Amino acid sequence: MSRPDRHEFDVAVIGGGLVGAAVAWGLARAGERVVVLDEGDVAFRASRGNFALVWVQGKGLGLPEYAAWSKGSSDLWADLADLLREQTGLDVAFRRPGGFHLCLSEREVENRAHMLARLHNQPAMVKYEYAMLDRARLKAMLPPVGPEVAGASYCPLDGHVNSLRLLRALHAGMQQLAAAYLADHVVERIDHLDGGFRLTTRHAEVQAGKVVLAAGNGNARLGPMVGLDVPVRPQRGQIIVTEKVAPFLDHPVVTVRQTDEGSVMIGDSVEEAGWDTTVGAGVVSAMAERAVRMFPQLGRLNVVRTWAALRVMTPDGFPIYQQSVSCPGAFVATCHSGVTLAANHALVLAPLIARGDLPAEQYGVFSARRFDVPATA
Amino acid sequence: MFRRLPDANAAMIAVTIDGRAAQVRAGDTVAAALLSAGILASRAADVSGAPRAPYCMMGVCFECLVTVDGVGNRQGCLVPVAAGMRIETQHGRREAGR
């Protein structure tokens, strides 16, 4: 209040999903005066439709720094959960019992082993424990697997969380830290003036010293307003949820997990379908069929909901973290793993944005300039 | 709590409710049979454990979930009683695979 700043807010965060809320909470913890401008109920809301894994294994082929970034966030996740519980009283049900990627044929086992070997043979790859398991070893670790499961990869760093409660806890936490939250404030225009930014919505004008684009697929539209190219596109994923049942699955599998409250989620489909969030019976039935082959006891459960949500996907699947050159103070943070990376966004990225600098030696690889390589003839 | 409208023609059939023999009216649903038998809490909620009772009686609210012939989470208000049926009130979540 007593600081002689010219702007009402130090930072405006555009987007109140998991990325925006994690960054905003981290900024507010760092002492910044934060305003979050969110969309209304028309938003696509990937943060309410995701699969809620905190996942490490298999990530980073082609960009080993992304593997290290994911592992680092997984390592910080228990701290994030503790901080949110201490501050808000909300338990986000973070568990890190180790996770499996199940294979339904010997060919799938071979392909998985080959992919992971290539991933971990990359020169700059971060070191962590993982293993390919044959059927006997897998069955000993994960007894509910059915007879058709041929093997699996396993990583002790993998876990999961209640992502809806995470979103609620981040919002409760940032508002307790006096961050302002403006719902139904679609940003229509950003002007860079006088060392700061003016954001125009239908309802208001907001002035802030810095701006963070964390609007998911909306970043493609917002980026050019502050001299950033943010090539993200929607990629559809579909999810099935069963009725709640007694705990039977102690570990998350990349496509099947039992939530803290007992529901079984089945997911991880990938489709290029533009902005269409229709649930397709074909995809859902294929997902259900594979899940029942993995865990036959799922076959008798009632499905209570299916839905489709849109991932926020870059051309290479890796995140973008970048400060604008032409409009310094404007940052973009976008990824398709807002759950896994929430700890890094809140506890690592936000303090750097508060200081106004993303060090090039760590964050240069995550700049969208990597997409500017001229096409070869 | 509930009083039945007079209906002289309805036959009674034998079922078990939580393992005890019971006579219920043919044509009733499982939920109606439980209420008629004075069993108001037909399940314990799957997250909080609070007692719950049949509510909408038309398949919408999912409050009347019970175990019927060994299958959990059946909607009691949509299942007609049948001779020999095993009806169990449900305490906590159903088991996967049962």
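Which residues in H1(A) meet H5(A), and which residues in H5(A) do they meet? In this predicted model, Leu18(A), Ala21(A), Ala22(A), Ala24(A), Trp25(A) and Ala28(A) of H1(A) meet Leu166(A), Leu167(A), Leu170(A), His171(A), Gly173(A) and Met174(A) of H5(A). The residues of this contact of H1(A) with H5(A) comprise 10 nonpolar, two polar and no charged. Helix H1 of chain A covers residues 18–29 and helix H5 of chain A covers residues 163–176. Two packed helices are described by the angle between their axes and the distance between the axes. For H1(A) and H5(A), the angle is about 30° and the axes are 9 Å apart. The crossing in which H1(A) passes H5(A) is left-handed.

Helix H1(A) also packs with helix H8 of chain A, which spans residues 342–355. Here the axes lie 7 Å apart and form an angle of about 55°. H1(A) passes H8(A) in a right-handed crossing. On the side of H1(A), the contact is made by Leu18(A), Val19(A), Ala22(A), Val23(A), Trp25(A), Gly26(A) and Leu27(A). On the side of H8(A), the residues are Ala342(A), His345(A), Ala346(A), Leu347(A), Leu349(A), Ala350(A), Pro351(A), Ile353(A) and Ala354(A). Classification of the residues in the contact of H1(A) with H8(A) gives 14 nonpolar, two polar and no charged.

Chain A also contains an open sheet of three strands, arranged in the order E4-E6-E5 with antiparallel pairing. Strand E4 (99–103) and strand E5 (131–134) of chain A each have a single partner strand, so one side of each is left without a neighbour in the sheet. From one strand to the next, the twist averages 25°. E4(A) and strand E6 (residues 151–155) of chain A run antiparallel and are joined by five bridges. Within this arrangement, Phe100(A) stands opposite Tyr154(A) in E6(A). Helix H3 of chain A, formed by residues 106–120, packs on the sheet and touches E4, E5 and E6 of chain A. The direction of H3(A) makes about 135° with that of E4(A).

At the level of domains, chain A is divided into domain 1 (9–50 + 164–231 + 316–369), domain 2 (99–156) and domain 3 (233–313). The centres of domain 2 and domain 3 of chain A, taken over C-alpha atoms, are separated by 21 Å. In the contact between these domains, 11 residues of domain 2 of chain A face 12 residues of domain 3 of chain A. The side of domain 2 of chain A that touches domain 3 of chain A consists of seven nonpolar, three polar and one charged residues.

In chain B, three strands form an open sheet in the order E4-E3-E8, and the pairing is mixed. Strand E4 (51–52) and strand E8 (90–91) of chain B are the edge strands, each pairing on one side only. Strand E3 (residues 43–44) of chain B runs parallel to E8(B), and two bridges join these strands. The bridge partner of Ala44(B) in E8(B) is His91(B).

The contact between the chains takes 12 residues from chain A and nine residues from chain B. The side of chain A that touches chain B has five nonpolar, three polar and four charged residues.

Conventions. Residues numbered from 1 in each chain as written. Chains lettered and ligands numbered in written order. Predicted model: local features only at pLDDT ≥ 70, side-chain atom pairs only at ≥ 80, totals over all residues. Axes fitted to C-alpha atoms, helices over the stretch in contact; angles between N-to-C directions. Helix = DSSP H or I, 4+ residues; strand = E, 2+ residues; numbered from the N terminus. Left-handed = near helix turned anticlockwise from the far one by under 90°. Contact = placed C-beta atoms within 7 Å. Nonpolar A, V, L, I, M, F, W, Y, C, P; charged D, E, K, R; others polar. Pairing = 2+ DSSP bridges. Domains from an automatic or database assignment.
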